[in-house]
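Dear colleague,

Please find the structure below.

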Amino acid sequence: MMARRVLAWLVAPTALAAQNPAAAPPPAQAPAAAAPVQSPAAGEPKPIMVRSSGTVRTAAGPVAYDAVTGTLVVHPKGWDDAALPDTSKPSAVATMSYVAYFKTDARTDADASKRPLTFLFNGGPGSATLWLHMGAFGPRRVVTNDHTHTPAAPYEMVDNDQTLLDASDLVFVDMPGTGLGRVMGKDKEKDQAFYGVDQDIHAFTVFIRDFLTKYHRWNSPKYVFGESYGTMRGAGLALALQNESIDLNGVMLLSCILNWDTMPDDPQLNPSIDEPYVVSLPTYAATAWYHHKLPSAPAALEPFLAEVERFATNEYALALLQGNLLGDAQRQAIAAKLHEYTGLSVAYLLKTNLRIEYGAFQKELLGDEAMTTGTLDTRFTGPTLDPLSKVSDYDPQSSAIGGAYVAAFNTYLAQSLRYDGPLPYKTGVGVYGTWDYKHQAPGAGRPLIALPNVLPDLAAAMKMNPTLKVLALGGYFDVSTPYFEGKFELRHLPIPAALEKNIEYRYYESGHMVYVNVPTLKKLHDDVVAFIHGSGGAAK
């Protein structure tokens, strides 16, 4: 069930390396030495640091920056608990890799440490962060086709005029075991030391805390930006960092999944859970609109989606809640309405019991043409692998752009970031199926065994830090994390009404990786910059 959800970008290769002291940031940004925050214990890996510099051309003019590519050592939860005997402490250790960018001219400012600092990460669970890095906000961007397959190498890289360096210093962080980071120790697999909801949040909390110390950035306005599963991590981090006395200025959530129970899996395997079908319907409608499969196509997308959202949360939700008590006439009427909004046949919708399984829509919508739509971005299409299958067998968008991102990042790592070493850059680790999904929610006496839900964490963080701002972002053509899922979840956030004004929503005519569409990337950049400026992060 969960393992079929496409939240990760998992692929492979590149490097490790030597130091370039000539481009070292001054003390206002980084210490002169490459020493870790704490000296590693005997047998532990030594953190690495490689420095470089560059200039990126943006719409506002050139931005000069210093870059640091490196790793920090992190330990699992409980490792530094003095009350535990050494024999009870987790034996695993990890290095987490990162690429940090510091705007050069900010270094001459006496208040350089007050420049906004944003930590960015992708999801999975199991993915490195080359996607946000090379597609959205890094100083260089790989060029891919917007909604069709990108031809094989050579690929083009260009200056990213939408880099966030005009508003914030940036830290692209890879989860343990990905990027140039590795998980080590004799019990690394048995302990699940880093590969679980709470273990992962702890590792990122330690990383951010130690990064702030290493680079003298405790007084900077601080933000986290998570994509896909990274939104679950980001919401959890808001509270975990708060518990370390680190107040965030803002949390940015792209392609939200904060409550795992809103995933539309096979209704035969998860009966009585109806919310997933409610939150997915607007995305199905957007996809049918895009591919011209609606019986009566509206002229504009957003007013149409507002209408579908109202239907989904009213007549459709009430019909699903009745289960087997739903009468034949009502069932027929709902199927007819679903046909109007999805383009799927009434006969098919009745056969599904009005519940469209995850993966089935992508396979069925263009079934007469033997084509499958994308999952991460339904604008993409590809030949159906098995025309007799019930659900789609692959994601055309992943196939369309994955090679370009991996090749571009490996080239960029070696040529621009000056990495040339023995370790390959790992784009992902296969931990999705073995991930520990238990979560210790605030106020719960024990970890919840049910699917994870970090809405209580985000709510607690907002109550404890009432100035914390949240920006929810998404694409209308994303089936993996439907845009209305994030909106629905945040509307159920248990916070006082006065705090609801701290949440902003922005959605785009794109998919899961909204930034693959260049006009949308500009809108995304402008919305994020406005959010940073409006939440205490006036860039230096």
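Salt bridges and a buried glycine

Arg 379 is buried (under 20% relative accessible area, with exposed over 50% and partly exposed in between; 1.4 Å probe, protein chains only), because its relative accessible area is 5%. This is a predicted model, in which local features need pLDDT of at least 70, side-chain atom pairs count only at pLDDT 80 or more, and totals for chains, interfaces and linings use all residues. Residues are numbered from 1 along each chain as its sequence is written, and side-chain values use heavy atoms, with hydrogens and water left out.

Arg 379 forms a salt bridge with Asp 146, with 3.0 Å between the closest N and O atoms; the term means a side-chain nitrogen of Lys or Arg within 4 Å of a carboxyl oxygen of Asp or Glu. Asp 146 is partly exposed, at 25% relative accessibility. The count by this rule is 18 salt bridges.

Arg 233 and Asp 200 also form a salt bridge, their closest N and O atoms 2.6 Å apart. This pair links distant parts of the chain, helix α3 (residues 229–242) for Arg 233 and helix α2 (residues 197–214) for Asp 200, 33 residues apart. Helices (H or I, at least four residues) and strands (E, at least two) are DSSP runs, numbered from the N terminus. Both Arg 233 and Asp 200 are buried.

Gly 70 lies in strand β2 (residues 61–74) and is buried at 0% relative accessibility. Its C-alpha atom is 5.6 Å from that of Ser 97, 27 residues away along the chain.

Regards
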